[in-house]
Amino acid sequence: MDRQQTSDSSGTWQPKIIAFFCNWCTYTAADLAGVSRMKHDSHFRIIRVMCSGRVDPQFVIDAFARGADGVLIGGCHPGDCHYMEGNYKALRRFHLLSRMLMSMGIEQDRFRLEWISASEGEKVRTVINDMVRRIRALGPLRLPAGLAELDGELKTREEEILHV
Amino acid sequence: MKYLYYPGCSLKSTGRPYDESLRAVFAALGIELTELDDWNCCGATAYASIDENQAFGLAARNLAIAEAAVTDGPPTIVAPCSACFLVLTKTQRYFEDYDHVRDGVTRELAAAGLTYRGHVKVRHPLDILIHDVGLPAIAKLVQHQMKGLHVASYYGCQVVRPFATFDDPLYPTSMDAIMRSLGAETVDWPLKTRCCGGSLSGTIKEAGLRLNQHLLVEALRKGSDLVVTCCPLCQFNLECFQKQINKNYDERISLPIMYFTQLMGLAFGIPEKELGIRRLFIDPLPVIGALKGGVPAHV
Amino acid sequence: MSDKPKVGFYWCASCGGCEESIVDLAEDILGVLDAVDIRLWPVAMDFKRSDVEAMADRELAVTFLNGAIRTSEQEEMARILRRKSGLLIAYGSCAHLGGIPGLANQFPREEILRFVYEQSPTTENTEKIRPLTSAEDQGRKTTLPKFFTMVRSLDQIVEVDYYLPGCPPTPKLLLNAVTAILKGELPPKGSVLAPDTALCDECPRRDSKPVDLQIPEFHRPHQVVIDPALCILSQGVVCMGPATRGGCEAACPAGNMPCTGCSGPTSGVADQGAKILSCLAASSSPKEEDEIRRVLEGIPDPVGTFYRYALPTSILRRKRMPAETPQAHQ
Amino acid sequence: MSEQNGEIRIGFYVCHCGHNIANIVDVAAVARYVAGLPHVVVSREYKYMCSDPGQELLRQDIHDHRLNRIVVASCSPLLHEQTFRTATAKAGVNPFYFQMVNIRENVSWVHEDPAEATLKARDLARAAVRRVAAHKALQPKTVSINPDVLVVGGGIAGIHAALTLANAGKKVTLVERAPTIGGHMAMFDKTFPTLDCAACILTPKMSAVKNHPNITLWTYAEVTKVDGFVGNYTVTVKHKPRYVKEDLCVGCLECIDACVYKEAKVPDEFNRGLGKRKPIYIPFPQATPQVVLIDPETCIAVKSGKCKRTCVEKCDRLAIDLDQKESFDEITVGTIILATGFKTFDPKRVSYYGYGRYPNVYISLEAERLINASGPTSGELILRDGRRPKTVGIVHCVGSRDKNTHRWCSRTCCMYSLKLAHLLKEHSGAEVYNFYIDIRAAGKAYEEFYDKLLEENVHFIRGRVAEVTDWAVIPEEEGKLIIRVEDTMIGVVRRIPVDMVVLAVGMEPQSDAQEVRRLFNISCSTEGFFLERHPKLAPVDTFTDGIFIAGACQGPKDIPDSVAQAGAAAAQALMLIDSGEIKLEPNTAYLTEQNCSGCKSCINLCPYHAISYLDDKHRASINEALCKGCGTCVASCPSGAIHQNLFEDEEIYSEIDGLLAERSPESTAV
Amino acid sequence: MNNQTPQNGNRRITIDPITRLEGHGKIDIFLNERGDVDHAYYQIPELRGFETFSRGRPAEEMPQITSRICGVCPTAHHMAGTKALDSLYHVDPPPTAKKIRELIYSTFMLEDHALHVYILGGPDFIVGPDAPKETRNVVGVINTVGPDVGRKVISMRKRLRDIISLLGGKVIHPVFGLPGGVAKGISRDEVGRIRDAADDGVEFALFTLEVFKKIVLGNKAYVDMITSEAYTHRTYYMGMVDDRNRVNFYDGRIRVVDPSGKEFALFNAASYADHIAEHVEPWSYVKFCYLKQVGWKGFTDGPASGVYAVAPLARLNAAEGMATPKAQEAYEEYMKTLGGKPVHFTLANHWARIVEMIYAAERMAELARDPEITGETIRVIPTARPTSGVGVVEAPRGTLFHHYETDPNGIMQNANLIVATQNNSARIAMGIDKTAKELIHAGAVNESLLNRIEMTFRAYDPCNACATHSLPGAMPLRIRLFDHSRCLLREIVR
């Protein structure tokens, strides 16, 4: 089955966003958004980590490679990190990584870092909606499918090669 | 400091003294104003009240041109006319906040082969003077202290409402502060943002005149020698209907109404004809005591 | 026929350096020649391909294959040799990781061809002739192999038993591998036949690295004089050492230049570039957004720096490009 | 344990949460879908998983089906993860073989399309099922709780919390930044609705604090540094110089008379600048401690050194020390209660009410002082311009219920406005007008008090005041302050001329609330008040274990509520202290030494110095006791040699893969 | 690997892969109705795209990136790249740095030539073109010249390569090159070891010359073969020379002589594009260089055709002599024996190569004795704003150009690489065609015949890894015979 396309009930393509939220600020904010019943776009999936500093760039790249159309990292505002400076490390990684991703053909809007404090349920809503909007505009990323297609150029049947 | 300058139609006609004095004063303060090339109508009232989208489109064209004009850093437009300032600010805000406006504007601009990414800052001269230049820098340039001059600062409505971008929406003080830094005394004038009648003076005269009467009478009651303003339409209303008001309501009003930039210019010792003083109907010079013998001889 | 284990060496998209590294066994090569029966080695010995095709499956005890896979020809040889070899060993960075030619995965195939045959300043080709997989010259049919859209490592084509890392692998690693094979003392299938710790572990400069290192600025090697005694990273010059498997005895730092990562990551890391990126960004010191941007600009080419040898085997493998039809040909 | 045989047997439970989840998410479909996933032995839906029968169901299945992994899809893990871990453990499975899926806060409460919501719930469930398969058995580490407590803030809340704990036999340190405790309450004249005098009920508690053997009272002091974690906090406190030796001063106040300033010239803080004090002063007669202090800004001696220093001579106890410097104390405590209070809204922000421009515009606290017997006018209602008001207007909701300032209701203003109306009328016989939006008198005997006021002929005009101006349009208005308001009862705009305006200003967070919350590593709500762990179930807890909040620092409160909350906070602290120890999440980082190259990259990344470098082995080493589990070093280790319990790379990869694996609409309609 | 069944049921010989050259080649031979050769194609079937994927890289990384074009002559690419960076950043390296570079480079030339003489090209002569193929390899060489010599060859190469490792970090893909200097200096205690190796190197080179004279020149058949028409082309020749027109590998100007040996052009690296152009054929991935001023006239020789040659034969033709005494002697003997300049015999490359070995060894010895070689100053930090730079060296297989263009930040915008073997590709192709025509008649083909065709291009020591820096991977040489009706007669894949 195509790991790329998630479709809504009407069958049209819908983006798939992976969101790494830090336990103390952004994940709590998402809970707040829930408690406050702030309706927002559903095309994202949250993975909870203790700190945005835990988000290994490998996770981000892996998410894209497995079919995510966007990756969002949510952490505490600078100065508010529950672990003092984890979010600064996340911020520096983000800048270098997004530049790297851009030179690998992954548009800037697909990778995003947001500071969302425990009280900013509203911001969760606006950020998610905005990101979904931008990614809809960009269309599907289709990394796995794209590579699968390229592998079509390979000879898979040995008898094509071996004439013994 | 360098900014793009958006004069708008008023400053090219009724508001010429504002345009002249603003350029002179900013030059004196070492601020570089570049008039936006090929600017068009800001889309104020006439359009805004009929077809908002068109108004947005018109305003956005100016923003788009501005954005394209500046390569280093976010472009800043200085819009002195209250109406222009309001419409441009509103367009910028709506562009940021509402998808349908953003999409509409983008579509209309595309038709004109333009794109707007939403990076322009729209600012008012008062904002620039207070936050970028700073009062000390202004005070430093003053050659003729406006000692003993009682000034009423009149802001009108549009520069502070509904978008209070740089001052209090109901009791702004930026112009007062500038006047004080010229050595003048400012009167506490509760009507400083009350309605000047706008275009009513032309349509429902009675209403328009009443409103202006209130403003002028209270200004005098508070002991004002003159009124300074930052809006071409307000200046026009307050100044040009005084005779009529005196006649209709048996008043004896003769109160000079000038642009705050003109008074700044005089304080800076800029020759008055560079400030368009002569274009005013009520000559402020007599009441500006500080200038007695202070005006440069060659003027 | 001798009963010595039969060995093959073969090359695909490579530079020949791996072949040289075998020659660099020097005296030991004679030892190897005694111990094994080399049945295939294009660079140095005359052998027939038909011999290889005639071989029974797995007749070659072990084949060392170097070079990446970029053409149909190379894919074929890889598959044949896989079948004919008991052990298939990816030899050197290109076969192991894709190698430096793998940097081509950041560009569309067409861009490569267009530059070489049309745009390069010395090329005179007004009629825009391109090499063709099948051409006709005065009625004479000539053919060329297919040029794939991307570079692949050996294990992206066939199953690989072991890897010898390095660009090229050091004679020492090769000798250890051969000995291990002869003695039958091999680690679990799929292992890289080199230490599983990063380069720092064998770098003489390690002790000079401060424990509280914070990198305020990144410098490019030509912008500074590198102190031969001190940890290169601590001098602000990007060194891939911390994210690169050891085994080369820190040859490049010995030449007073930073490690560029040719041996790939250690077993605990999936994506060498992502990890060094993570490590360097975290270890740099700026906090202000603009300052961060400025300092990190000190690494102008993250992909070329962090994935110098491992782009085809990185998680992303290749730059995402506007849809191409894989078989569209020059 | 039940997983020895190596085989992974997962039980999956999706919770309806009544209708909260089931209304949007097709829970049955989710359960059916998950049943088909690898390793899943049991997959059920249930109305309330957190209920006893829900947990019993879990226990029973573990027993009957030899389950060794549990996944529950219900609400936020921040709410019930503990509950289910405990349940899992009770049934003999390591509690960390449990994984929770949040399909309420993250799905049913925020999405409207059932199909999409169900699809998302499935994805999340699939991810959790994959993740839990990778889980490891872990043992949580426990830390002991230091029984001493720190209370920050000496208002009524802090005072009450401190006394409660001290009476329970705990050692308490109470730190107050002002020279005296008492807070805002000490400024009030009387308290609603009972009208008993604030001082009379507060001062006994103040001296109780001062004299309590278990309480160390540090006034004129501030917390500057907080280290450690629940049960083991190390706190640094700064003592600002009073220029008076606290232990020597007996509060005879003779030094004040002796001051070279014969007249009090400095506006005094306690009376909101309505009165004056000398450079050497005591905030108010009942100040606790009864110790004078010198204000360095105005004291000639401190400023210039040129002074006869009559005060120093006067004090035979040699208590005055003009060279006093700030000093620091470091204490260790196990728990902390923050009762740092609130700040009154600054009405200059609503310029149209003329505060600061018209002398006869006052804020409520000033009015309190004006009518207080020990106030600047000894209780005489005399205005700034010396007149006695014949008409007074009280403007409600100043800086409350207003999107331009603060959206929230400050809860106390209605009642204190009523109280002031009563007192002002009582003191001056003036006509009193109340301008209100609604009267919010929700509280014991509050509504009754409102009725009482109505009978006292206080005027009530419903409408938000537009402006207070001196612009007179008719002669009667000359020299008065005109309150312009739309009277929504009769639907006309009215201009009411008055002599005195009282602005009922709202309550807002302390101006340094943000710094304080960073200092203590807790969060603030949108408004900037300290954020409680749960609005209903944990109103005095914070997200940082061992730190509690009480009083108006958490949100606007009147006295009874603050006291109640202070009691609650004290009880929470006592609970921790008496349990003696607390279990911590075992989410610490650890190192696999054989993969470490000794590159030292991780050492400096740890803010807690939990990683050190072993020079002999040339390897890093992690001290799990110091590790707080942020995982920053894990993400950075270029050799992949550092791992994190509960957040292993493998666990997160399987979560990512689970979320993105296999998606196509038709399979939603299971 | 053709699936067509040959009409006339000819047996099918398959010899694969083509051996003993770096990189790979393919030959298609078409016969006419008489069974004589109509045309032979020499094809290179690979591409790697170095120019393109150099884009966006920091220029200072180019010497290391481009060295991966060829692992046999990485030092040549590394050096050309480094010199391109000097010119890119307008820096002149301090004298010590220049000398260290030339020392490394001479060492490299010596060992690389040795590799070809004994392991790649050598077997053709030392073991003999007609010897059984199983013996036509390094082992065969060792058996012919004796194990001691074998060991001598091996240990000499090892010592030389160890010196490169010492100075360059690695011998295969060294890392010493930086704009304005070298990464590492030479310490006094290292010099001794280098000097000894250099002296032994000279002795070794002379010994090699003796072996060559004994085995090759001592054998009339070989000499006839060398001077036979089959292996003769009268083309232009290119090589780098010093200010006295003597052969120089590391630095100097490029000199071109016409088929009569007269100077045709003398230019600096920077203006290479005014003199060299590349021609594209649809039947090979490799481009064919020719002299721009003469123009492309197809695969033909003579003064009217822009085809030219590089590498030892060409270098000696393009120069007036050698800069060191013993090499100069060998040079004169070489010219005398072969009838004076220019020598047009392709197979003379082997001899010329040995003359160059002597020069390389002597130059190495000179530099090892130069007091400045241990100087402290080895770097000039570049400050100029980079734009464009060209670097050139004489690689073992011929003149090598690297041309870089960058943005102001020194980030690569464009690279153009003209590589040794590529300069020769037209002459090689002609050679194959000509040899085939001379040797194959009436469809008669045998083992040694094919080896002799192979010898044609092996003489250039062609490095197709280099030539195909723009193409990835390897491909066996295949010789296919087609009859006049263009249908495949048979395929000899070797």
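## Chains and contacts

Seven pairs of chains touch in this structure, and among these 7 pairs chains C and E share the most contacts. The model is a predicted one. Two other pairs stay apart. Chain B and chain C have no contact, and their closest C-alpha atoms lie 13 Å apart. Chain D and chain E do not touch either, with 21 Å between their nearest C-alpha atoms.

## Chain E

Chain E contains 16 helices and 15 strands. It has 494 residues, of which 73% count as buried. Taking the contacts in chain E between residues at least 6 apart in sequence, 71% join residues at least 24 apart.

## Salt bridges within chain E

Over all chains, the structure holds 135 salt bridges. One of them is formed by the side chains of Arg161(E) and Glu111(E), at 3.0 Å from N to O. This pair links distant parts of the chain: Arg161(E) belongs to helix H7 (residues 147-168) and Glu111(E) to helix H4 (residues 95-120), 50 residues apart. Arg161(E) is buried because its relative accessible area is 4%, and Glu111(E) is buried at 2%.

Helix H7 of chain E also holds Arg159(E). The partner of Arg159(E) in a salt bridge is Asp200(E), with 2.7 Å between the closest N and O atoms. This pair too links distant parts of the chain, since Asp200(E) is in helix H8 (residues 188-217), 41 residues from Arg159(E). Arg159(E) has a relative accessible area of 32% and is therefore partly exposed; Asp200(E), at 31%, also counts as partly exposed.

## Charges in chains A, B and D

In chain B, Asp283(B) and Arg278(B) form a salt bridge whose closest N and O atoms are 4.0 Å apart. Asp283(B) is partly exposed, with a relative accessible area of 35%, while Arg278(B) is exposed, at 57%. Chain A has a network of salt bridges that links Asp109(A), Arg112(A), Glu114(A), Lys123(A), Asp130(A), Arg133(A) and Arg134(A).

On the surface of chain D, a patch of negative charge gathers Glu447(D), Glu448(D), Asp451(D) and Glu455(D). Glu455(D) is part of helix H13 (residues 446-455) of chain D. The relative accessibility of Glu455(D) is 64%, so this residue counts as exposed.

## Backbone geometry

Most peptide bonds are trans, and most residues other than glycine have a negative phi. The cases below depart from one or the other pattern.

Arg161(B) and Pro162(B) are joined by a cis peptide bond with omega about 0 degrees. Pro162(B) sits in the loop between strand S5 (150-154) and helix H9 (174-181) of chain B. In chain E, the peptide bond from Lys341(E) to Pro342(E) is cis, and its omega is near -15 degrees. The loop that holds Pro342(E) runs between helix H12 (325-337) and helix H13 (349-369) of chain E.

Tyr220(D), a residue other than glycine, has a positive phi, near 55 degrees. Tyr220(D) is in the loop between strand S10 (215-218) and strand S11 (221-229) of chain D, and at 15% relative accessibility it counts as buried. The phi of Lys600(D) is also positive, near 70 degrees. Lys600(D) lies in the loop between strand S31 (589-591) and strand S32 (611-614) of chain D. With a relative accessibility of 7%, Lys600(D) counts as buried.

Terms used
Residues are numbered from 1 along each chain as its sequence is written. Chains are lettered from A and ligands numbered from 1 in the order in which they are written. This is a predicted model: local features need pLDDT of at least 70, side-chain atom pairs count only at pLDDT 80 or more; totals for chains, interfaces and linings use all residues. Side-chain values use heavy atoms; hydrogens and water are left out. Patches are made of residues with over 30% relative accessible area and no salt bridge: like charges are joined within 9 Å, nonpolar side chains (Val, Leu, Ile, Met, Phe, Trp, Tyr) within 5 Å. Accessible areas come from the Shrake-Rupley method with a 1.4 Å probe; for residues, only the protein chains shown count as cover. Lys and Arg count as positive and Asp and Glu as negative; His and the chain ends are not counted. The place of a charge is taken as NZ of Lys, CZ of Arg, CG of Asp or CD of Glu. Helices (H or I, at least four residues) and strands (E, at least two) are DSSP runs, numbered from the N terminus. Buried means under 20% relative accessible area, exposed over 50%, partly exposed in between (1.4 Å probe, protein chains only). Contact means heavy atoms within 4.5 Å.
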